[in-house]
Amino acid sequence: MQLAAKNQNLEQYFEAYSEWRTTLASGVTELKSWLQQQELSDTQVDQRLEHVLSTLRDDKLYVAFVAEFSRGKSELINAIFFANFGQRILPSSAGRTTMCPTEVQYEPGSKPSLRLLPIETRKSGTTITEFRGFPEEWQTLPLDTQSPDTMIEMLQHITEVKHVAREEAQTMGFHIAEEESQNGMRIAEDGLVEIPKWRHAIINIPHPLLEQGLVILDTPGLNALGAEPELTLNMLPSAHAVLFILAADAGVTKSDIDVWHDHIGVRKDSPNKGRLVVLNKIDGLWDELRNAEEVNREIERQIRDTAKHLAIPEHNIYPVSAQKALLGKVRKDSKVLERSRILALEEALGNEIVPAKREIVRDNISGDMEDIITAMRLIITQRLKNAYEHMDELGGLSGKNMDVIEHMMKKVKADKEVFEKSLQRFQATRSIFSQQTNVLYTHLNLKNLDSTIAHTKKDMETSMTTAGLKTSMDNFFKHAYATMEEAAKQAQEIKAMMEGVYKKFQEEHGLSDIKPSSFSVTRYLREIKRLQDKHDQYMKGVSLVFTEQRVLTRKFFESSVAKIRAIYKMANRDADNWLKTIMSPMESQVREHQVQLRRRLESIKRIHQASDTLEERVSELEQIRDGIRDQERNLESRVEAVLKVLNFDQGKSAAANKSA
């Protein structure tokens with residue numbers, strides 16, 4: 001029974017996360033519906049809430065498994081996730097198994113399948129991300145989840161290789177290892193170069209964790225890590241957790257250290273926290289001639305050495321036997337399972353990945369939620385303030401003659417005219433705002449960036465030296481960084497202009513004190529800098545012959561350039577959202593003020609024409625005031641429900657940090 005409870009551990013973490021996401025989505029949906037009923041929302045608010053719901057709906061949680069060849073990655077994935085099939089699902093045997101990056105996921109509504117992207121697609125220069133949008137480029141094979149044997153046979157495709165001429169391998173961007181000690185593609189006995197048959201594989205199967213948004217990324221060894229830049233520059237850095245697998249019987253090799261430092265190790269400026277090191281194959285240290293204590297001492301020594309080589313704390317290293325863990329789960333043998341130490345790793349994975357992912361989701365939607373809540377509170381505050389002012393105004397008319405009432409009516413008409421003139425100025429500001437936004441979009445313009453990319457490509461292709469290539473690359477990074485900084489300055493100018501407009505309306509018409517939001521490009525600048533640092537590290541000491549220069553040029557465009565274009569695309573989208581929302585609070589306030597001025601004028605007109613008594617109007621306003629107070633209470637209860645779910649574990653982590 002205890003075994004079953006522990007085995008559920010990782011699943012429980014994911015279920016808790018999935019429940020958190022679902023509860024939060026329900027609260028946001030309920031808030032959105034209520035705001036529409038109360039006529040508090042507008043198109044912008046609806047769009048932002050829909051964006052929040054879309055983020056929660058389409059949420060994926062990526063865990064990457066990385067290692068040199070023959071460290072037991074696929075076996076570890078089988079042991080943690082697929083033991084319920086009763087046998088190995090992913091190919092796992094001695095030597096090289098997974099030859100191409102493989103994603104294991106579940107796509108609701110689609111049949112189980114294996115999708116394979118041919119290696120020849122590397123020649124086109126198109127990224128894997130782009131190819132996802134072209135299903136006809138993939139070879140799709142059905143998977144029979146009811147027959148594990150058939151499924152295992154079908155999944156053997158991810159281990160396939162092919163032999164091609166040296167020139168073709170180089171055209172595809174592969175580096176060829178002339179000696180056994182070098183990294184790169186091997187020359188086979190037939191004199192041809194052995195390369196993976198597939199560039200990328202996607203396994204789509206139903207599974208409790210995959211159905212909750214988990215995506216597993218199984219990577220090939222060092223050769224393929226270097227061969228597919230998109231994997232190392234885009235996929236691994238964006239994974240929410242990376243498990244780096246070493247072999248306890250081999251210890252930390254030079255190639256292991258290279259993989260760690262070049263592709264995985266956490267940097268100070270990195271947003272990624274989940275980095276776990278797995279010391280696999282501890283069963284290789286089990287020895288009938290040594291007692292358990294001696295074996296444990298040997299494992300502890302390996303942990304200390306590993307921590308020293310990778311410069312990480314010892315508690316981040318988890319010794320396991322993936323093979324024995326799979327055996328223990330399949331045979332339901334609690335002793336073997338316990339000795340495999342897999343449960344400690346599963347708990348660490350759940351502990352590491354779920355809070356980190358929740359934090360990312362929270363960061364992605366908190367800004368929208370805070371802005372919307374602030375705007376709604378301001379509208380209700382303004383409605384309440386207007387109701388009280390209107391009641392005071394009518395209360396002041398009690399016992400007054402018609403001349404005073406007529407004078408009051410003229411005053412409200414004059415206020416209305418002044419406000420309408422302010423509105424004309426506001427419309428004129430819109431024109432300036434439009435001009436300023438055009439300047440911002442010029443800095444972020446993808447066509448301009450594409451022109452720079454084309455210019456860089458031409459310079460690199462005509463360059464005859466490694467130094468020339470480096471200069472072209474450096475210039476591209478500098479241009480991308482400088483242009484993004486110009487966008488930041490322009491955004492600041494737009495914000496300053498809007499602050500002036502807001503302040504004038506507040507002073508002239510007593511509207512609520514609201515501050516326009518900022519548009520920050522810090523994370524884009526950091527990402528550009530990260531890419532440049534990674535590239536600089538790779539280029540240190542590189543001196544290339546002409547054929548390798550062409551390969552390097554291709555890699556640079558497939559990875560760094562493609563990523564920077566994606567960063568600019570994201571910046572454009574975020575700038576769009578910001579520019580839509582910067583006007584929104586002001587427009588809501590203006591709309592409310594217009595409605596209030598019309599109501600005031602209508603009230604005094606009706607009293608002047610004796611069609612309503614003063615008491616009737618005051619009584620009506622009291623009902624309106626009470627209705628707004630109800631609105632305020634209802635808004636706060638809904639907001640509290642959403643924020644309670646959104647921030648439920650922040651208090652705990654803050655307390656934990658304090659005690660630490």
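Trainee: How many bridges join S2 to strand S7, and which way do the two run?
Mentor: In this predicted model, strand S2 is joined to strand S7 (residues 198–204) by 4 bridges, and the two run parallel.

Trainee: What holds strands together in general?
Mentor: Strands of a sheet pair through backbone hydrogen bonds, and the pairing is either parallel or antiparallel.

Trainee: Are the side chains of S2 buried or exposed?
Mentor: Strand S2 (residues 102–105) is covered on both faces. Thr-102 and Val-104 lie on one side, Glu-103 and Gln-105 lie on the other, and all four are buried. As a general rule, side chains in a regular strand alternate between the two faces of the sheet.

Trainee: What is the order of the strands in the sheet?
Mentor: The sheet is open and has 9 strands, in the order S4-S3-S7-S2-S8-S1-S9-S10-S11, with mixed pairing. The twist from one strand to the next averages 20°.

Trainee: Which strands stand at the edges, and why is one side of each left without a neighbour?
Mentor: Strand S4 (139–142) and strand S11 (317–319) stand there. Each has a single partner strand, so one of its sides has no neighbour in the sheet.

Trainee: How do S1 and S9 pair?
Mentor: Strand S1 (residues 61–66) and strand S9 (residues 241–247) are parallel, with 4 bridges between them. Phe-65 has Leu-243 in S9 as its bridge partner. Both of these residues also belong to the largest nonpolar core.

Trainee: Which residues of that core touch the most other members?
Mentor: The core has 84 residues, and those touching the most other members are Leu-35, Phe-65, Leu-76, Phe-81, Leu-243 and Leu-345. Helix H15 (residues 342–395) gives the most to this core, with 18 residues.

Trainee: What is Leu-345 in contact with?
Mentor: Setting aside neighbours within four places in sequence, Leu-345 is in contact with Leu-76, Ile-80, Leu-243, Leu-276, Val-278, Tyr-318 and Val-320. There is also a second, separate core of 37 residues, which includes Ile-453, Phe-477, Tyr-502 and Ala-571.

Trainee: Changing topic, where is Gln-302 found?
Mentor: Gln-302 is in helix H12 (residues 292–310).

Trainee: Why does Gln-302 count as buried?
Mentor: Gln-302 counts as buried because its relative accessible area is 9%, and the cut-off for buried is under 20%. Not counting residues up to four places away in sequence, Gln-302 touches Ala-248, Gly-251, Leu-279 and Leu-285.

Trainee: How many helices and strands are in the chain overall?
Mentor: The chain has 22 helices and 11 strands. Of its 660 residues, 50% count as buried. The chain exposes about 31,700 Å², and carbon and sulfur atoms supply 50% of that area.

Trainee: What is the mean pLDDT of the chain?
Mentor: The mean is 79, and 82% of the residues reach 70 or more.

Trainee: Where does pLDDT stay under 50?
Mentor: One such stretch is residues 267–272, for which the model has 4 contacts beyond four places in sequence.

Terms used. Residues are numbered from 1 along each chain as its sequence is written. This is a predicted model: local features need pLDDT of at least 70, side-chain atom pairs count only at pLDDT 80 or more; totals for chains, interfaces and linings use all residues. Side-chain values use heavy atoms; hydrogens and water are left out. Two strands pair if DSSP finds at least two bridges between them. Axes are lines fitted to C-alpha atoms, for helices over the stretch in contact, and angles run from 0 to 180 degrees between N-to-C directions. Buried means under 20% relative accessible area, exposed over 50%, partly exposed in between (1.4 Å probe, protein chains only). Accessible areas come from the Shrake-Rupley method with a 1.4 Å probe; for residues, only the protein chains shown count as cover. A nonpolar core is a set of buried Ala, Val, Leu, Ile, Met, Phe, Trp, Tyr and Cys residues joined through side-chain atoms within 4.5 Å. Contact means heavy atoms within 4.5 Å. pLDDT is the predictor's confidence in each residue, from 0 to 100.
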